[in-house]
Amino acid sequence: MAESQRTLPLLATRDLILFPKMLTPIFVGREKSVRALELAHQTGGPLILSVQKQATLEDPNESDIERVGTLAKVVQLSRLADGTVKALVEGQSRVSIESFASVSPLFSVSYRPLRKREPKNILRVRALMDSVAREFSLYVSQSPQLPEEAETALDAVIDPEDVVDTVAALLAISPDRKQDLLEGEDVEERLMMLLEILIQENEFLAIEQDIAERVHDNLERHQRKVFLRERLRVLRDELGEEEDDESEQGQYLKMIQERGLPETTSAALTKEARRLSDLPPFSAEVAVVKTYLDHALGLPWGTLSGEGLPDVQAVARVLDETHYGLADVKDRIVEYLAVARLRKGTPPNTTLCLVGPPGVGKTSVAMAIAEGLNRPLQRISLGGVRDEAEIRGHRKTYVGAMPGRILDALKRAGVDDPVILLDELDKMESDWRGDPAAALMEVLDPVQNQAFRDTYLELDYDLSRVLFVATANYEEDIPETLHDRLEVIRLPGYTEREKEEIARRHLVPKLAEQNGLAELGDIFTRVALRTLIRFYTREAGVRELARLAGKVYRKLARMRVEGKPLPRRVAPRDLERLLGAPPFLKARLEDTPQIGVSTGLAYTGAGGDILRIETVVAPGKGDFHITGQLGEVMQESVTAAWGYLKTALSRDTALAALWSASPGKAYLLDQYSPPDGGPGEGPAQLGIRLEEAAQGEVGTYIDQETDIAGGVSACDGGGPADHELLSALEIRMHLPEGAVPKEGPSAGVAVAASLLSALTQLPLEPRVALSGEITLTGQVLAVGGLKEKLLAALREGVDKVVLPADVRPQVRELPVELTRGLEIVYVSSFAEVLEHVLVVGPGGARPPAGRHRAA
């Protein structure tokens with residue numbers, strides 16, 4: 001049989017490339033590989049070694065094996081205890097695999113030898129061999145993996161093919177590059193490829209060696225310095241000399257002396273600096289001490305901004321330039337700073353706290369104060385802070401310890417009298433790690449902050465010259481311990497006219513410049529800007545207004561870049577094209593009176609809003625269901641309103657007269673008193689009849705001349721029966737927008753009106769808004785957030801607002817434009833509310849007005 005037709009076993013290696021004349025051990029564990037080795041060893045014949053294309057394959061097939069391999073002889077074979085076979089193989093020649101004769105139980109292939117070709121240019125081949133020998137000698141000298149004896153590997157080699165095989169077998173390169181060297185048939189090409197690889201590897205090894213030498217030199221230099229420094233310290237101790245100023249310890253001591261620190265502080269820092277000489281050079285404590293000294297010496301320690309006493313007039317001027325309106329807020333701030341000026345720059349005993357909805361300018365007011373005082377401003381966000389160490393710092397014994405946020409703000413400011421903004425004071429929390437509000441007490445209390453002690457520094461620091469300004473959205477969420485130390489200044493929401501002026505003077509010019517359209521300036525027509533305010537935003541501040549106006553300018557900027565013509569002015573019809581349909585175009589108030597539906601007024605973190613309260617009654621077991629995500633205080637308000645009504649409707653009062661003559665009671669009594677002694681209607685039939693009554697199909701209105709306030713009673717001794725009837729009803733109350741939490745007592749009057757309307761089946765006027773806390777005796781108590789609530793009433797189209805009589809003085813102080821479009825009525829009891837909200841006559845006519853309290 002011809003040699004080209006011979007069949008031999010094949011062993012597939014994972015990453016081993018065997019070259020001719022190469023003797024190497026291999027360890028085999030796969031069954032096919034073991035069978036191939038054992039067959040070759042038993043027959044005394046050769047086998048072929050060829051590498052897999054992917055080393056991770058556990059069971060390769062014929063397509064996964066390279067087609068050029070090495071004919072090898074098994075010199076030695078042994079089986080280890082774990083079942084692995086160890087063999088010593090020697091490469092003989094390169095072969096090309098023609099085909100696979102079998103793949104199981106072992107690989108068997110037919111092959112042909114790769115014949116040597118005579119080189120075309122003998123001189124070029126010899127030159128390449130010499131170059132390879134030189135580069136290989138350099139490679140051996142630089143490679144830590146090869147012994148020095150490897151340099152003699154080419155001494156007796158004269159055949160160019162053998163040169164390539166010998167050198168390639170010793171190179172620490174990837175299997176892919178070795179396979180390329182194995183497959184080449186032209187010796188000149190193989191030598192050139194080998195030379196390129198050697199040059200690249202030598203350059204890489206030279207870089208590695210250079211890096212290693214540099215690291216070694218630096219390490220030796222550092223060790224030498226440490227050794228010499230330690231010897232110098234011992235010598236100084238023997239001679240009794242002081243530390244040299246050029247050393248780290250000397251530099252720290254010099255800085256401590258130059259800073260003019262308080263005596264106790266200087267002594268403490270000097271003690272820490274001297275510890276450096278006593279600590280081992282490589283001790284972790286060295287870094288702790290140096291970090292501590294860097295933080296301590298980085299603080300201002302008495303350095304002031306240099307502006308002297310507060311310039312009250314400058315602050316007033318900056319506030320007027322940067323903020324429209326807010327006259328009361330500006331006056332309060334200027335008065336506060338005037339007191340600070342008279343106190344020789346020391347702020348008063350209280351801290352300014354700006355409270356208001358988002359977007360009304362709390363942060364910008366603080367920035368204006370800092371600008372007017374010409375002091376740096378540092379902002380500390382307290383939202384979500386629940387660890388008192390954020391304020392006081394961590395003990396320096398902990399890994400990564402650092403001072404608290406207060407001292408860090410002073411370090412960044414570089415002076416001891418900056419303006420520090422404590423943002424979101426009402427968003428702090430507390431847990432097992434402590435109460436940050438308690439830590440802030442020491443910061444804001446003028447008696448304690450003269451010697452504020454940070455846990456990290458453990459040194460007294462004077463904070464008395466810092467001007468602290470706090471902000472919050474909800475005053476009731478401010479911790480009580482801090483509230484006593486604050487001078488609360490409320491920033492209410494803006495009216496539409498104020499928003500328009502703010503946009504014209506501040507927002508629009510700034511947005512035009514930010515978007516590269518400064519030359520266009522204000523492009524909104526007056527009607528367009530009012531449309532943007534009224535139908536595209538619903539907020540107390542101007543943040544969303546600024547965002548939408550910026551969106552308009554960005555779209556115009558894109559039109560300019562794309563070469564499209566820009567409108568000279570943006571009119572209302574352009575807003576829908578640029579911003580889409582107005583989200584608040586639809587009115588939220590009904591046009592016709594509704595039974596069981598009242599309108600309340602709410603004060604939220606985003607300003608004022610109307611509150612729709614819906615109530616229905618049905619036969620049941622006396623259950624009272626409340627939905628709409630009501631808070632604890634509001635649920636108590638609902639309970640108080642229902643308790644008042646149950647009592648008032650069962651007694652000889654004006655409400656009892658209204659209840660006795662109402663279609664709601666007449667119809668319920670008709671259902672519970674069966675005619676001719678027959679059985680009454682069941683709950684299902686009663687529920688249907690009540691629903692029909694609510695739609696006006698059953699029952700009649702009471703006579704128009706019924707005196708609501710006079711207390712005319714139509715109860716025929718039915719007091720106890722009324723109480724039993726009310727206790728048997730199932731009442732369901734819902735406040736829409738159920739995903740929005742609702743809290744507070746100010747909806748008590750509106751809740752009572754909704755309950756009364758559902759019980760009597762008398763409709764309520766939808767454009768009359770109610771606000772006031774109700775008691776169990778029917779008294780109407782004062783509430784807050786009046787400006788925001790009246791703004792919401794104007795925005796939603798309310799005609800009349802019913803308020804507690806106790807808030808009349810506060811309403812008189814509000815801008816005239818808030819009360820000009822509203823009829824404001826003041827009441828002291830719930831009975832006085834009825835004539836303004838109940839529709840008790842045919843066709844919706846109200847009874848004659850009783851005690852009318854107009855604004």
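## Burial and basis of the model

A residue is termed buried under 20% relative accessible area, exposed over 50% and partly exposed in between (1.4 Å probe, protein chains only). By this rule Y644 is buried, at 9% relative accessibility, and F830 is likewise buried, with a relative accessible area of 0%.

The model is predicted: local features need pLDDT of at least 70, side-chain atom pairs count only at pLDDT 80 or more, and totals for chains, interfaces and linings use all residues. Residues are numbered from 1 along each chain as its sequence is written, and side-chain values use heavy atoms, with hydrogens and water left out.

## Aromatic pairs

Rings of Phe, Tyr and Trp (its six-membered ring) pair if their centres lie within 6.5 Å; planes under 30 degrees apart are stacked, over 60 edge-to-face and the rest tilted. The count is six aromatic pairs. In one of them, the ring centres of Y644 and F830 are 5.8 Å apart and the planes stand at 80°, so the arrangement is edge-to-face. Because Y644 belongs to helix α20 (residues 632–648) and F830 to the loop between β24 (823–827) and α29 (834–837), this pair ties together parts 186 residues apart in sequence. Helices (H or I, at least four residues) and strands (E, at least two) are DSSP runs, numbered from the N terminus.

## Charges over rings

A charge sits over a ring if NZ of Lys or CZ of Arg is within 6 Å of the ring centre and within 35 degrees of the ring normal. K32 lies over the face of F107, 4.5 Å from the ring centre, and the charged end of K396 is over the ring of Y292, at 4.8 Å from its centre.
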